[in-house]
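Student: I would like a close look at one part of this model. Please take me through the strands and the aromatic side chains, one step at a time.

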Amino acid sequence: MASAATIELAQTGKRDLLISLEKRYQERWVAEHLFEVSAPTPEETEGLSPAEIREKFPKWFGNFPYPYMNGSLHLGHAFSISKIEFAAGFHRLSGKRVLFPLGFHCTGMPIKAASDKIQREIEMFGSDFSGFVAEDVPVANTSAAPAKAVDKAKKGKVAAKATGLQYQFQIMESMGIPRADISKFADPYYWLKYFPPICVADNNAFGSRIDWRRSFITTDANPYYDSFVRWQINRLYSLGKIKFGERYTIYSPKDGQPCMDHDRSEGEALGPQEYTGIKMHVVTWSDAAAKAIEGKVGGRKVFLVAATLRPETMYGQTNCFVGTAIKYGVFAINNDEAFVCTYRAARNMAFQGTTDVRGQVQQLLEIDGSVLVGTKISAPFSINPEVYVLPMDNVLATKGTGVVTSVPSDSPDDYQTLMDLRKKAEFYKIDPSWASFDPVPVITSPTYGDMIAPAIVKKLKIQSQKDIKQLAEAKEIAYKEGFYSGTMLVGEFAGQSVQDAKPKVRESLIEMGLAFAYAEPEGLVISRSSDECVVALMDQWYLDYGESAWRAEAEKALARLETFHAETRNGFEGVLAWLNQWACARNYGLGSKLPWDPTFLVESLSDSTIYMSYYTIAHLLQGNIDGTKPGLLNITPEQMTDDVWEYLYRNGPWPESATVPKEKIDTMKREYEYFYPFDVRSSGKDLIPNHLTFCLYNHTALFPEDKWPLGMRTNGHLMVNGQKMSKSKGNSMTMRQCIEKFGADAARLCLADAGDGIEDANFDEMTANANILRVHTLIAWCEEMMQGASNLRRGDKNFHDRTFEEEVFNLINITQRHYQDMQYKDALKYGFYELQTARDWYREVTADVGMHADLVQWWIRVAVLLISPIAPHFSEHVWTTVLQEPKSVHLARWPESRPVDQAVLDAGVYMRGTIKTMRDAELSLLKKMNKGKQGQVLYDPTKPRAVRIYVATAFPAWQDQCVQAVKDAYVPEADKVDDAKVRELLTQRGLIKDKRAMPFVQAFKKRMTQFGAQTAFNRTLPFSETQVLREILPYLKKTLNLVDAEVMMVDVAKNETTGNFSLSIIESAEPGNPAFEYRNV
């Protein structure tokens, strides 16, 4: 794998010239307000219906999730932004009013957490941090557990993943902030003033076509946006979408509040996993455990607690498992009971109402898992009322409680481990009698009978509990089989399906005090304050996502949404299937206060679901990004009441109590009605499980259907030089650093080339560096051509002119389709690289007569326009400086085109293919001669030579028969060829033993796949081979350095009686595939 480290540029003269041009044109674009766009005026739309307005004044509104203002934008931001940026450029060319706005997200915990850290560090080291002395400082343990080496390593890993730096002031320094200024960031609201201007400057340096008038910051620091959010939350509450109640949520004990996706440094999109906690009372301790526990539990009843997802299988318990290498604790739950489990599990239980004191973990003692082996316990609901604790290799301390209840009839892991223990009781240091309980039939299924796990283990040929991969597959099969097809054999609910019995068995266990509800995070979740999160059961305000009627509306919105990739749609469908209640309030951080309960703040993924609609009117409300100045309509925040917002966005009645003139709100309403809904939102795929799906839900609740989102496009993460961006790998790069290193256009070209799928893309610095030379060279060529235009050929167009013209029209059409589909890698391929390749061939093949002046100037205009969405600075320079156009390229239109003449295109492909074949044949012969492997040759390519090209008008008879056999065996309805019938027909026609037949048939079938059956069966050429070949004879003689070249028909050549003719070469010619024969002269 190539090194991920960034490259050093050897020479920067060309780059510096391009950057100077970019800055010049960026200043011009700002001065001319080119990217500021508004809805048509009332005068322009007078008498027109909404549909007629859209037809006469087409619009396009694209957006990107507003970035979080705790640092500069990185190259990954630039990649997602580029998808909207390139689209904005294309749709401007298409004559639409293009709106591309960008706001600044400040809501949530990260800024407040970082500012609090700086405040603490000021107290530790002084306001200038001069008291800091660099040394190896252990990372603080943030959990309630006793400090352990494993905790330090884990937290250190999190810190290293973030920045590799110990203190927040060091992180700020690494971002280029002078140490003397860092103390200002102890005020969280200072961040809201500092970073937005940097974001604006970086985007301007990138050439982004953003209407900055519509920008804003979030939180109650902006009274206008705060009013908008309060209306949104109030309306959702009145609609019954926001509810209050006890529910599980991911929670940070350190922060004292729920930890939502944007509050996490690790574990985004992970939610609570609910289990049933099975209480297995200790009947008799093992000798070692009895000694360890004596006098330490205060007379409490002690239970081993197992977390299970399958309470319906408890009837079949034969033992329980522990991990012999795991450290367990005995934890006081109350004055009467104590639980044996891992500290991690006990910490989760402490926030779920299981313990007497919320959040308090009282550990009575620590005990090794190996000591617990041999302990006799009660097994709730089991056919075997008392079973033993046994060792298991695969128990995880990071999942569940570390205690595993064993049901070998239905769990492949349990079954295989039990078999291993029976075979090697001495090795595992157990009494054989402890493992003597046989599997008990609990569930029957049509496929695997009464013993699902043993049957699957046998089928997959699993031999040991160390066969982890196969056991994981077996576990999935067993669970699905039992749940979807299983029927209960035992217990109170025997005869019922597992799906029906499962919740009933759980409820019965809990009612009888034999179990309790338990939950934990689906995986490791670390807050931005470096706290390992738990699942807490708490009263909170939540959005009722997943509610059946609301979900149906969200699914309806998804059905009409353009997602651009099937993977994106599949992602949405998967999220809609599982997403449910989402906590929408917190009590720490920045944000808007919950209107009816100001002790809470609206969390960052709940105040950012419909703000795209705010872009349409922001410039009319706000005069600056924080709303401290009124906008164009001079409206105050207090005048924007809920009723006024209702009138604006939901066509509610005009409120009589309004203190703002209705005409002003109608002006905003006109902007909103014209630009909304947005056409596409571009985002990383990691936002599908939260923000993007929330966006669909909230739009269906708050807006009429004609305002629901039209498109959402997602992309993967951006790698640099083939590896994930990382400071430790030396390939981390901000947006600004990339622009300064390569220039905006070279970087933009590389981002377009990086990839368009949902898989991770790659920014290759070698490509970006090569783009500098490519752009510089192209500018120089355009200048040279326009300055020397008087020297170019004029008059009638020849064969090569017409071919070149047709190829350019074709590339215009292909490039347009790729831009429309937001496939920028292909738009770049055809609208930039292939366009230059066509020019290079045209220049080469017309070298003897010169290029046509009109076509050269036309090509330059086309080249400028086709690449302007991606490389606008290059295009602006050539457009205004070289082509002397008076207006900016941003005001230009997509080049005119027309349907292409396919026959001319085919002739061009034929022409280049024939020349390449002839050139490759000579090169191959020369290589063989140099190696002394040429054998007997008919001519010496190093001496003067000529060539004859043989053109056939008909295919060989055997080929025609093969094609007819394929045609006879073709089934149009299925678009398939019956291979057995082909062989039968070839046998009948005596061709099955011809070694040429089957390879030809296979090649012909590939052609059918490539071009379609009817095109393949029609084997006539749409152009004259002899005419094309005679057109290129002058070029052929020159490029191959031939004395002579001639074109001969096969029939004529066969009848030729003079000269040295090779009959085998002549007969190898086919229509579209001429033969050629070199000879020395």
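Tutor: Start with tryptophan 596. At 25% relative accessibility, tryptophan 596 counts as partly exposed. The cut-off matters here, because buried means under 20% relative accessible area. Tryptophan 541, at 11%, counts as buried. Keep in mind that this is a predicted model.

These two tryptophans form an aromatic pair. The ring centres of tryptophan 541 and tryptophan 596 are 5.2 Å apart, with the planes at 75°, so the pair is edge-to-face. Tryptophan 541 belongs to strand E19, whereas tryptophan 596 sits in the loop between strand E21 (585-586) and strand E22 (601-602). The pair links distant parts of the chain, 55 residues apart.

Now follow strand E19 into its sheet. The sheet is open and has 4 strands, in the order E4-E3-E19-E20, with antiparallel pairing. Strand E4 (257-258) and strand E20 (582-583) stand at the edges. Each has a single partner strand, so one side of each is left without a neighbour in the sheet. Strand E19 covers residues 534-543 and pairs with E20 over 2 bridges, in the antiparallel sense. Within that pairing, tyrosine 542 stands opposite alanine 583 in E20. In a regular strand, side chains alternate between the two faces of the sheet.

A search of the whole structure finds 80 aromatic pairs. One of them joins phenylalanine 104 and tryptophan 212, and this pair is stacked, with 6.3 Å centre to centre and 5° between the planes. Phenylalanine 104 lies in the loop between strand E2 (97-99) and helix H5 (110-125). Tryptophan 212 lies in the loop between helix H9 (188-206) and helix H10 (223-238), so the pair ties together parts that are 108 residues apart in sequence. Phenylalanine 104 is buried, at a relative accessible area of 0%.

The charged end of arginine 358 sits over the ring of tyrosine 251, 5.8 Å from its centre. Lysine 669 lies over the face of tyrosine 647, at 4.9 Å from the ring centre.

Finish with strand E13, residues 386-391. Strand E13 is mostly covered, with 5 of its 6 residues buried. Strand E8 (residues 319-322) runs parallel to E13, joined by 4 bridges. There, valine 322 stands opposite proline 391. Strand E12 (residues 376-378) runs antiparallel to E13, joined by 3 bridges. In this pairing, serine 378 stands opposite glutamate 386.

Notes. Residues numbered from 1 in each chain as written. Predicted model: local features only at pLDDT ≥ 70, side-chain atom pairs only at ≥ 80, totals over all residues. Heavy atoms only, no water. Buried < 20%, exposed > 50% of the residue type's maximum accessible area, 1.4 Å probe, protein only. Pairing = 2+ DSSP bridges. Phe/Tyr/Trp six-rings, centres within 6.5 Å; stacked < 30°, edge-to-face > 60°. Lys NZ or Arg CZ within 6 Å of the ring centre and 35° of its normal.
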